Amino acid sequence: MKTAFASLTIAFFLIGCDAKTGGGAQLPDVAIYPGAKIVSNGENNGVIGANLEVMDSRDHVIAFYAKELGVPVSPGGSGSLAGQKGGHKITIIVTDAGKGKTSVSIIEPK
């Protein structure tokens, strides 16, 4: 359910006639988790977003992005992180996708 919510959140921001998706779209200004597969990405209405699939544990992914954003994280804590990278506000939602996979949604207002 959380994975669907995160993906729908990204989709909501990216719907519109001026949306750019895939290769023509900008990626959020934060590192992509090593080995992650970009499932979808796009930009629209002043928002850049990306959905990733990672073959690593939720806790490892959260720790990686907490370090990227310079925010504290407690083990087993929330999968929602918010911070700044290079002066850009970034929100990251990390959820367990099952079967050893983790889903990551990244949202950055322009």
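Of the 110 residues in the protein chain, 37% count as buried, that is, under 20% relative accessible area, with over 50% termed exposed and values in between partly exposed (1.4 Å probe, protein chains only). The model is predicted: local features need pLDDT of at least 70, side-chain atom pairs count only at pLDDT 80 or more, and totals for chains, interfaces and linings use all residues. Residues are numbered from 1 along each chain as its sequence is written, and side-chain values use heavy atoms, without hydrogens or water.

The protein chain has two helices and six strands, in the order α-β-β-β-α-β-β-β from the N terminus. These elements are DSSP runs numbered from the N terminus: helices are H or I with at least four residues, strands E with at least two. Among contacts (heavy atoms within 4.5 Å) with a separation of 6 or more, 51% come from residues 24 or more positions apart.

Strands β2 (residues 37–44) and β3 (residues 47–54) run antiparallel and are joined by seven bridges; strands pair if DSSP finds at least two bridges between them. Asn41 stands opposite Ala50 in β3. Two residues lie between the strands of this hairpin, where Asn45 takes a positive phi near 50°.

Helix α2 (residues 58–69) has 12 residues and should span 16 Å at 1.5 Å a residue, which agrees with its end C-alpha atoms being 16 Å apart. The expected span is 1.5 Å times one less than the number of residues. Val61, Ile62, Tyr65, Ala66 and Leu69 are buried in α2. They cover an arc of only 135° around the axis, so they lie on the same side of α2; the arc is that of the directions from the helix axis to the C-beta atoms. Their cover includes β3, β4 (80–85), β5 (88–98) and β6 (101–109). Gly70, with a positive phi near 70°, follows α2.

Rings of Phe, Tyr and Trp (its six-membered ring) pair if their centres lie within 6.5 Å; planes under 30 degrees apart are stacked, over 60 edge-to-face and the rest tilted. By this rule there are two aromatic pairs.

| Pair | Centre distance | Plane angle | Class |
|---|---|---|---|
| Tyr33 and Phe64 | 4.9 Å | 75° | edge-to-face |
| Phe64 and Tyr65 | 4.9 Å | 90° | edge-to-face |

Tyr33 lies in the loop between β1 (20–21) and β2, and Phe64 in helix α2, so their pair ties together parts 31 residues apart in sequence. Tyr33 is buried at 9% relative accessible area, Phe64 is partly exposed at 23% relative accessibility, and Tyr65 is buried at 0%. Ring pairs link Tyr33, Phe64 and Tyr65 into a cluster.
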